[in-house]
Amino acid sequence: MAAALQVLRHLARAPLGPLLWGGPLARLASSMALAEQARQLFESTVGAVLPGPMLQRVLSLDPDSGELKVRDRSFQLRQNVYLVGFGKAVLGMATAAEELLGQHLVQGVISVPKGIRAAMEHAGKQEMLLKPHSRIQVFEGAEDNLPDRDALRAALAIRQLAEGLTADDLLLVLISGGGSALLPAPIPPVTLEEKQTLTKLLAARGATIQELNTIRKALSQLKGGGLAQAAYPAQVVSLILSDVVGDPMEVIASGPTVASTHSVQDCLHILNRYGLRAALPRSVKTVLARADSDPHGPHTCGHVLNVILGSNALALAEAQKQAEVLGYRAVVLSTAIQGDVKSVAQFYGMLARVAGARLALPGTGASVEEDDRLCELAADLQLPDLQLKEALEAVVGAQGPVCLLAGGEPTVQLQGSGKGGRNQELALRVGAELGQWPLRTVDVLFLSGGTDGQDGPTEAAGAWVRPELTSQAAAEGLDVATFLAHNDSHTFFCRFQGGAHLLHTGLTGTNVMDAHFLFLQPQ
Ligand SMILES: Nc1ncnc2c1ncn2[C@@H]1O[C@H](COP(=O)(O)OP(=O)(O)OP(=O)(O)O)[C@@H](O)[C@H]1O
Ligand SMILES: O=C(O)[C@H](O)CO
């Protein structure tokens, strides 16, 4: 961190770079309302990771020979392809896959979020909808991203299809975020309700997705390589859309086609950490005790090809391009934003302060204390790919509008019983931070949105804020701190300025975690 501090101080006092961004591009940026630009940018970000185009980039079929290419691997098709899928982006992925496979596809079963077909129809997204005589059976379930009876029925149908396959068959598995809740098959005697309760408790206490899915795998028949094992001896090709930082295939949707390496000790540590070990139902204890020798050992996945189709990095690369088209100097800060939402919000607040000061007071910048504080906050978040130095260098060189982009998935430790999601809570917290550092000569806007279009159990994808948020809210009789104390960010944004700061996209049909944009525009 000492080196980073040196760099920050040096940057604050560095001579200014060439005026690359002060021309017509910069004027374009300021001519359009900032909030409208933020919305547009969010749309482009999501547009880059829509299922159909992503699938077509990885899969191709030679119609004459029947040779299917998956990146550099080839498979000979002879009407021997079966398809299963689970996740928020799987409906569109399945539609694209069926179109590509044509008559080679024999049968398919997918498990997708409740209401997704109606939402896609309503939004006129025909490319996300299966044709009327599709060979793929669709189950909708897991309302509010929790495993339920409908998702259980889907999981059992998927298992049955996989178990019926032979060595002549190829199973195409479509996987995306939300897949864990859409593929629940608890190992008896664990019941669906017990699994649901444990998942909810772990999530509410701030367990990471890695921790949550380690527990899910230990209690599931299909996760942690279980689906691959059920499909053996068929060949299995899994196409995975990542919604987890770093794209770990064994974590995304709890890795149904990736051999699990968890141990019972790992599970017990996690349950201890969140104070849940003492109150475990007897059934969970029984299954964990039995699982000591891993049921889905690593040897069971030799017949599987796992391929990552797309990720947050792909989406942010597009956002960066589009922001530059809009006239911004754009830098991707990180695609691995994780950690408690409060710490993430403090980091963005201080980043806006330090970067804004560099724009407002070229050659002087923020105080040494503020630079130091930013470095401390960044260090606490432990982001492996953080480009803080590059971002601040870009700000110094820009002398015009700047857009800092990031992606990932912060965690919220629920303390209140309000309605919200991590994007709306992050935006509200950043809004409160920004209010502490008003910069008269720089316009600031922060947006946080879930690329799936649904932030927590709400109908919004996220929200955007500006430094005036706290004072404007107070004028409407809304106390930001009280809403935050109750994790009630959605209620806040519904009331504040009649909901004008909410980001509404509807279900997007894709899912690559969240996107965060920080816009800084000299006035
Ligand atoms: N009232 C609330 N305020 C803030 N965050 C909340 C609130 N209620 C739930 N959450 C958070 O919302 C998240 C669950 O939302 P969501 O279903 O969008 O998850 P997700 O991570 O997008 O799902 P997946 O990873 O399966 O795609 C959890 O992190 C939870 O802590
Ligand atoms: O389904 C899940 O497990 C999460 O979305 C992470 O992939």
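Two strands pair if DSSP finds at least two bridges between them. Keep that cut-off in mind for β4 and β7. In this predicted model, strand β4 covers residues 81–86 and strand β7 covers residues 170–176. They are joined by 6 bridges, so they count as paired. The two strands run parallel. For one position to look at, take Val-84: Val-173 in β7 stands opposite.

Now widen the view to the sheet. Strands of a sheet pair through backbone hydrogen bonds, either parallel or antiparallel. Here the pairing is parallel. The sheet is open and has 6 strands. Read across, their order is β6-β5-β4-β7-β8-β9. At the edges lie β6 (136–141) and β9 (304–310), each of which pairs on one side only. From one strand to the next, the twist averages 15°.

Next come the ligands. Start with ligand 1, which has 19 residues around it. The closest are Asn-145, Gly-420, Arg-422, Asn-487 and Asn-511. A polar backbone atom of Gly-420 is 3.1 Å from a nitrogen atom of ligand 1. A backbone N or O atom of Asn-487 lies 3.0 Å from a nitrogen atom of ligand 1. Gly-178 faces an oxygen atom of ligand 1 instead, with a backbone N or O atom at 3.2 Å. Of the 640 Å² of accessible area that ligand 1 has on its own, the protein covers 83%. The shell holds 9 polar, 7 charged and 3 nonpolar residues.

Ligand 2 has its own set of residues. Gly-178 is one of them, and others include Gly-177, Ile-209, Arg-216 and Asp-243. In Ser-180, a polar side-chain atom lies 2.5 Å from an oxygen atom of ligand 2. In Asn-213, an N or O atom of the side chain is 2.9 Å from an oxygen atom of ligand 2. In Ala-253, a polar backbone atom is 2.9 Å from an oxygen atom of ligand 2. The protein covers 92% of the 230 Å² of accessible area that ligand 2 has on its own.

Which elements give two or more residues to the shell around ligand 2? They are α8 (179–182) and α10 (209–218). The largest share, 3 residues, comes from α10. By class, the shell around ligand 2 has 4 nonpolar, 5 polar and 2 charged residues.

Key:
Residues are numbered from 1 along each chain as its sequence is written. Chains are lettered from A and ligands numbered from 1 in the order in which they are written. This is a predicted model: local features need pLDDT of at least 70, side-chain atom pairs count only at pLDDT 80 or more; totals for chains, interfaces and linings use all residues. Side-chain values use heavy atoms; hydrogens and water are left out. A residue is near a molecule or strand if one of its heavy atoms lies within 4 Å of it. A polar contact is a pair of N or O atoms within 3.5 Å; within protein, one must be able to donate a hydrogen and the other to accept it, and residues adjacent in sequence count only if both atoms are side-chain atoms. Accessible areas come from the Shrake-Rupley method with a 1.4 Å probe; for residues, only the protein chains shown count as cover. Helices (H or I, at least four residues) and strands (E, at least two) are DSSP runs, numbered from the N terminus. Ala, Val, Leu, Ile, Met, Phe, Trp, Tyr, Cys and Pro count as nonpolar, Asp, Glu, Lys and Arg as charged, and the others, Gly among them, as polar. Axes are lines fitted to C-alpha atoms, for helices over the stretch in contact, and angles run from 0 to 180 degrees between N-to-C directions.
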